[in-house]
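Trainee: I would like to learn how to read the helices and the packing in a model like this one, step by step. Could we look at it together?

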Amino acid sequence: MSSVRPLISVIIPTYNHGAFIGAAIESVLRQTYDHLEVIVIDNHSDDNTSQVLAGISDPRLRAFRFDKRVIAASRNFGVKQSGGEVLAFLDADDQWMPDKLERQLPHLADAHVRCVGTNFVATGERQYHKRHIRFDRAQQYRDYTHEEIALGNPVMLSSALIRAGDFREVGGFDERRTFMYIEDWELWLRMAHTGVVRILSAPLLAYRIFRKKNRDRREISLATLTVLAQERKLGYLSRTVLEAASGNTYLAIGRACLEQKDSRARSYYYRGLRQSVGLRNKLRAVGGLFLCCTPHHVRELLLELYYRMPLSR
């Protein structure tokens, strides 16, 4: 970065989040680091989003309408409208703590750090909260290598801070529909080819939890295997790490199949039991296999407990 106080461009894509976006934007505008611009990309919302945006009077805010529903494309479009040396991303239903940017920015002075994320506190349907990363009491941050990121995404996208030059150098978010909902993880993998991702232990993000009952996650989870195979082919993953990461992914696919009453759930849980890493994941595999053998009405009750078992990192 060339300047002592670089301009930070905050990219906020939104679609029908009028109930939340005002608070999201205000959480940016009240940052203790105030040399920033806010770029909202509205995917033609049909709720009160436009009225909320019109009611915010701040010269640092700019809003654009965009007609593609692929969120990766919305974020890339927002970056093209930006002028900052540093990029930050925020989802329209999340919020930042007031000193988030001020505490993150110094870490980008380390040339080896490609992205700085933070810990978070959960809001919304917190009963479905997954513990993000476990930090030791005195630990201020953790650095993640490419292979560690392959085992599980450590970055909450709404907490990410990166150099604009690094983002453009790797080509931004992949806009292919194949990678929808995992486009951020795929980006961190590419960025970590030449550095690390740093996660601060301070919970500087308020992340809204939803239980998306109607989303079919089978194709999303299967796409993860495509990304891992791609990284292996390019020589960035060892066979051992590829197998372990694939094992963790099999658990996600098994869970997605279980939610859709897909009989393939059992075979994916078996694969996950053999290849996944970490005791918690092994227990998840055993729990999934047990659920596969239960009647549907019993399974629905047990799933409420099962959802609370987070993936280990």
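Mentor: Let us begin with helix length, for which the expected span of a helix is 1.5 Å times one less than its number of residues. The model before us is predicted, and in it the 14 residues of α11 should on that basis span 20 Å, which agrees with the 20 Å between its end C-alpha atoms.

Trainee: Which residues of α1 are buried, and what covers them?

Mentor: The general idea is that an α-helix has 3.6 residues a turn, so residues three or four places apart point the same way. In α1 the buried residues are Gly18, Ile21, Gly22, Ala24, Ile25, Ser27, Val28 and Leu29, and the elements that cover them include the strands β1 (8-14), β2 (36-42), β3 (61-65) and β5 (95-96), together with helix α2 (49-54).

Trainee: Which residues of α11 are buried?

Mentor: In α11 the buried residues are Asn281, Arg284, Ala285, Gly287, Gly288, Leu289, Leu291 and Cys292. Lysine 282, which is also found in helix α11, is partly exposed, since its relative accessible area is 25% and buried means under 20%.

Trainee: How should I read the packing of α9 against α11?

Mentor: One reads the angle together with the distance between the axes. Helix α9 (residues 239-259) and helix α11 (residues 279-292) pack at about 25°, with their axes 10 Å apart. Because angles under 35 degrees count as roughly parallel, α9 is roughly parallel to α11. Their crossing is left-handed, and at this contact Asn248, Leu251, Arg255 and Leu258 of α9 meet Asn281, Arg284, Ala285, Leu291 and Cys292 of α11.

Trainee: At what angle do helix α10 and α11 pack?

Mentor: Helix α10 (residues 265-275) packs on α11 at an angle of about 160°, and the axes are 9 Å apart. That angle makes α10 roughly antiparallel to α11, and the crossing of this pair is left-handed. Residues of α10 including Tyr269, Tyr270 and Leu273 meet residues of α11, among them Lys282, Val286 and Leu289. Seen from lysine 282, and leaving out residues up to four places away in sequence, the residues touched are Gly272, Leu273, Arg274, Gln275 and Ser276.

Trainee: Where is arginine 264 placed, and what does it touch beyond four places in sequence?

Mentor: Arginine 264 lies in the loop between α9 and α10 and counts as partly exposed, at 38% relative accessibility. Beyond four places in sequence, arginine 264 touches Arg218 and Cys257, while from C-alpha to C-alpha it is 15 Å from glycine 287, which is 23 residues away in sequence.

Trainee: How many residues has the largest nonpolar core, and which have the most contacts inside it?

Mentor: The largest nonpolar core has 42 residues, and those with the most contacts inside it are Phe89, Ile149, Ile162, Phe167 and Trp188. Helix α7 (residues 183-191) gives the most to this core, with five residues. Another core lies apart from it, with 35 residues, among them Ile8, Val38, Ala88 and Val116. Isoleucine 149, leaving aside neighbours within four places in sequence, is in contact with Tyr144, Pro154, Trp185, Trp188, Leu189, Ala192 and Val197.

Conventions:
Residues are numbered from 1 along each chain as its sequence is written. This is a predicted model: local features need pLDDT of at least 70, side-chain atom pairs count only at pLDDT 80 or more; totals for chains, interfaces and linings use all residues. Side-chain values use heavy atoms; hydrogens and water are left out. Buried means under 20% relative accessible area, exposed over 50%, partly exposed in between (1.4 Å probe, protein chains only). Helices (H or I, at least four residues) and strands (E, at least two) are DSSP runs, numbered from the N terminus. Contact means heavy atoms within 4.5 Å. A nonpolar core is a set of buried Ala, Val, Leu, Ile, Met, Phe, Trp, Tyr and Cys residues joined through side-chain atoms within 4.5 Å. Axes are lines fitted to C-alpha atoms, for helices over the stretch in contact, and angles run from 0 to 180 degrees between N-to-C directions. Angles under 35 degrees count as roughly parallel, over 145 as roughly antiparallel, 65 to 115 as roughly perpendicular and the rest as oblique. A crossing is left-handed if the near helix is turned anticlockwise from the far one by less than a right angle, and right-handed if clockwise.
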